[in-house]
Amino acid sequence: MDRADQALYTRPNLSGGTKRSALNTALISIATAALAAFVSSASAQTLVPARTTDLVQVVGRAGPTHAWIRFCESHPEECHINLSQPARITLTPGIWASLTQVNERVNSSILAVTDQDHWGVLDRWDYPDDGLGDCEDIQLLKRKLLVQAGLPHRALRMTAVIDEQGQGHAVLMVLTDHGDFILDNKRNAILPSRRTGYAFIKREGTNSRAWVALGDQSAPFSTANR
């Protein structure tokens, strides 16, 4: 019998009360650790990014895509500008949590397919009500959910970019007092605009239905990328 076995056999018997006390202590320790993990996770979700000067400069007016014009005819509320709403939102922990949750939720629930595969056309903008959609459809759903959560439509701008593969792509730009942030179906992380690696072409304006040019390069014909 080694020392470990001797210790086992010579350990004094615990009374029922002592056993219950030890068990309660262990359970409290487990519960405390679980609570700490939950709080840490919640804090990570609501941690607002540092204020940045990362703003995409407007350089003039731009025309929307033909698919956007057709979308506005079917959904005029999406193209209306309410000037009583703020053009930039104050980025609070609650708003950041909403942005993060909606971005991840929609990205995980919508299967990305091209308009050609989905509808048999090059470019069509619509809500992905059947669970399928390309980049602009996915961003439109995110905006719809964020507006329902109380965020101002005017500060959530559909934006056309050129992606890292040189193709047209659509993202949702959130105009905030901490900078311009991008919701994208290619990633769950919400990044400042200039950290995406995209060339920003044009976006919806904040003062009228007209789109505005962002000046990185000429606009693509469509946003046909998934």
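How many bridges join strand 4 to strand 8, and do these strands run parallel or antiparallel? The points below start there.

1. **The strand 4 and strand 8 pair.** Strand 4 (residues 156-162) and strand 8 (residues 199-204) run antiparallel and are joined by 4 bridges. Thr 159 has Arg 203 of strand 8 as its bridge partner. Strands here are DSSP runs of E with at least two residues, helices are runs of H or I with at least four residues, and both are numbered from the N terminus. Two strands count as paired if DSSP finds at least two bridges between them.

2. **Basis of the values.** This is a predicted model, in which local features need pLDDT of at least 70 and side-chain atom pairs count only at pLDDT 80 or more, while totals for chains, interfaces and linings use all residues. Residues are numbered from 1 along each chain as its sequence is written, and side-chain values use heavy atoms, with hydrogens and water left out.

3. An open sheet of 7 strands has the order 1-9-8-4-5-6-7, with antiparallel pairing. Its edges are strand 1 (60-62) and strand 7 (187-192), each of which pairs on one side only. From one strand to the next, the twist averages 35°.

4. **A helix across the sheet.** Helix 5 (residues 93-109) lies across strand 5 (168-176), strand 6 (179-184) and strand 7, and runs at about 140° to strand 7. Angles run from 0 to 180 degrees between N-to-C directions, with axes as lines fitted to C-alpha atoms, for helices over the stretch in contact; contact means heavy atoms within 4.5 Å.

5. **Salt bridges.** A salt bridge is a side-chain nitrogen of Lys or Arg within 4 Å of a carboxyl oxygen of Asp or Glu, and the count comes to 9. One of them pairs Arg 157 with Glu 204 (3.7 Å, N to O). Because Arg 157 lies in strand 4 and Glu 204 in strand 8, the pair ties together parts that are 47 residues apart in sequence. Arg 157 is buried (under 20% relative accessible area; exposed is over 50%, partly exposed in between; 1.4 Å probe, protein chains only), with a value of 0%. Glu 204 is buried too, at 4%. Both belong to a network of salt bridges that also links Glu 78 and Arg 143.

6. **A loop-to-loop salt bridge.** Lys 186 and Asp 163 meet through their side chains at 2.7 Å, N to O. Lys 186 lies in the loop between strand 6 and strand 7 and Asp 163 in the loop between strand 4 and strand 5, so this pair ties together parts that are 23 residues apart in sequence. Lys 186 is partly exposed at 33%, whereas Asp 163 is buried at 5%.

7. **Cysteines.** The whole structure holds 1 disulfide, defined as a pair of cysteine sulfur atoms within 2.5 Å. Cys 72 and Cys 79 form the link, with an S to S distance of 1.8 Å. The link is left-handed, with -85° about the S-S bond, and both cysteines are buried.

8. **Pro 128.** This residue sits in the loop between helix 6 (115-119) and strand 3 (132-133) and is buried, at 5% relative accessibility. Leaving aside neighbours within four places in sequence, Pro 128 is in contact with Ile 110, Gly 133, Asp 137 and Leu 141.
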